[in-house]
Amino acid sequence: MTLGIIGAMVEEITPLLERFGDYETKQVGGNNYYEIKKGKHRIYVAYSKIGKVHAALTASTMILHFGCEKIIFSGVAGGLSTDLKVGDLVLGTKLCQYDVDITAFGHPLGFIPESKVFIESDSALNAVASDIAKAQGIKLKQGIIASGDAFIADSAKKQWIITHFGADAVEMEGAAVAVVCDLLKVPFCILRSISDSADGSADVSFDEFLESSAKRSADFVIMMCEQILK
Ligand code: ADE
């Protein structure tokens, strides 16, 4: 099995690399890909840099260049749902791009012709996550994650995303990974830990909780890897 784990920022993958130990570094397209050998298995870990374009490049590289057969995204998100607090884990069962708007031509918000508004993540990977959460007594919310190329730090924008997409969390990469994996037929899942509430205090909260929330997500992903590669 060859597994890919993507974060957006270095803080999101550092806890993974610290836990996995030995790795070899490969460079493609301006990013480092860290190759970890676990018996007959390979794990590639990389941070993409922020945003949908970078995440799409990293997911594509992991699949087409390194042969990853499953992709897991680990990182932080802004909480939209009232039952998500800083540190909580959210698993994106559906991903959408809230910043896609070709409504001028009569299309629904978030829709691109020949694609779809919501892309579903892999039910088997999501089941691995929910089984671990249950066994460990960890709260794991399953819900819609909305992605776009903006850091949301405004209550009105936050409400707009909730109203139009019913989203539970917002971030800047998940839907891009979803598009790539869906088109290339590679199972994927998107796990996030909440760093802020996407409102007026989001920037301060993000700075304060980036590291601890990124680690919560990474620690959970390590348990998923152990299960998947068993
Ligand atoms: N990632 C973490 N918090 C976020 C926010 N408020 N908006 C977009 N991406 C985020």
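# Contacts and strands in a predicted model

The side chains of Lys-141 and Asp-83 form a salt bridge, with N and O 3.3 Å apart. The model is predicted. Lys-141 counts as buried because its relative accessibility is 18%, and buried means under 20%. Asp-83 has a relative accessibility of 36% and counts as partly exposed.

## Salt bridges

Side chains of opposite charge can pair when their charged atoms come close. The structure holds 13 salt bridges. One of them is between Lys-139 and Asp-88, whose closest N and O atoms are 2.8 Å apart. Here too the pair links distant parts of the chain, 51 residues apart: Lys-139 is in the loop between helix 3 (123-136) and strand 8, and Asp-88 is in the loop between strand 5 and strand 6. Lys-139 is partly exposed at 43% relative accessibility, whereas Asp-88 is buried at 13%.

Glu-226 and Arg-19 also meet in a salt bridge, at 3.7 Å from N to O. Glu-226 lies in helix 6 and Arg-19 in helix 1, and the two residues are 207 residues apart. Glu-226 is partly exposed, with a relative accessibility of 48%. Arg-19 is partly exposed as well, with a value of 49%.

| Residue with N | Residue with O | Distance, N to O |
|---|---|---|
| Lys-141 | Asp-83 | 3.3 Å |
| Lys-139 | Asp-88 | 2.8 Å |
| Arg-19 | Glu-226 | 3.7 Å |

Salt bridges can also be linked together. Glu-12, Glu-171, Glu-173 and Arg-192 form such a network.

## Strand 6 and its partners

Strand 6 covers residues 89-97 and is mostly covered, with seven of its nine residues buried. Which strand is joined to strand 6 by eight bridges? The partner is strand 8 (residues 140-147), and the two strands run parallel. Within this pairing, Leu-95 has Ile-145 of strand 8 as its bridge partner.

Strand 6 also pairs with strand 10 (residues 188-196), in the antiparallel sense and over three bridges. In that pairing, Leu-91 stands opposite Leu-191 of strand 10. A further pairing, with strand 7 (residues 119-120), has two bridges and is antiparallel. There, Lys-94 stands opposite Glu-120 of strand 7.

## Aromatic pairs

A pair of aromatic rings is described by the distance of the centres and the angle of the planes. A search of the whole structure finds five aromatic pairs. Among them, Tyr-23 and Tyr-34 are edge-to-face, with 5.1 Å from centre to centre and 75° between the planes. Tyr-23 is in the loop between helix 1 (10-20) and strand 2 (24-28), while Tyr-34 is in strand 3 (residues 31-38), so the pair ties together parts that are 11 residues apart in sequence. Tyr-23 is partly exposed, at 39% relative accessible area, but Tyr-34 is buried at 13%.

The ring centres of Phe-151 and Phe-206 are 5.3 Å apart and the planes stand at 80°, so this pair is edge-to-face. Phe-151 lies in the loop between strand 8 and helix 4 (155-165) and Phe-206 in helix 6 (residues 202-228), so the contact ties together parts that are 55 residues apart in sequence. Phe-151 is partly exposed, with a relative accessible area of 39%, and Phe-206 is buried, with 16%.

Ring pairs also link Tyr-33, Tyr-44 and Phe-66 into a cluster.

Which residues make a nonpolar surface patch of about 320 Å²? They are Leu-64, Leu-183 and Leu-184. Leu-64 belongs to helix 2 (residues 52-65). Leu-64 counts as exposed because its relative accessibility is 64%, and exposed means over 50%.

## The annotated span

An unreviewed UniProt entry carries the annotation "domain: Nucleoside phosphorylase" for residues 2-221. In the model, this span is 36% helix and 30% strand, and the C-alpha atoms at its ends lie 15 Å apart.

Definitions and conventions:
Residues numbered from 1 in each chain as written. Predicted model: local features only at pLDDT ≥ 70, side-chain atom pairs only at ≥ 80, totals over all residues. Heavy atoms only, no water. UniProt positions renumbered as here; feature names shortened; annotations may be inferred. Helix = DSSP H or I, 4+ residues; strand = E, 2+ residues; numbered from the N terminus. Buried < 20%, exposed > 50% of the residue type's maximum accessible area, 1.4 Å probe, protein only. Pairing = 2+ DSSP bridges. Patch = residues over 30% accessible without salt bridge, like charges linked within 9 Å, V, L, I, M, F, W, Y side chains within 5 Å. Areas by Shrake-Rupley, 256 points an atom, 1.4 Å probe, with all protein chains shown as cover. Salt bridge = Lys/Arg side-chain N within 4 Å of Asp/Glu carboxyl O. Phe/Tyr/Trp six-rings, centres within 6.5 Å; stacked < 30°, edge-to-face > 60°.
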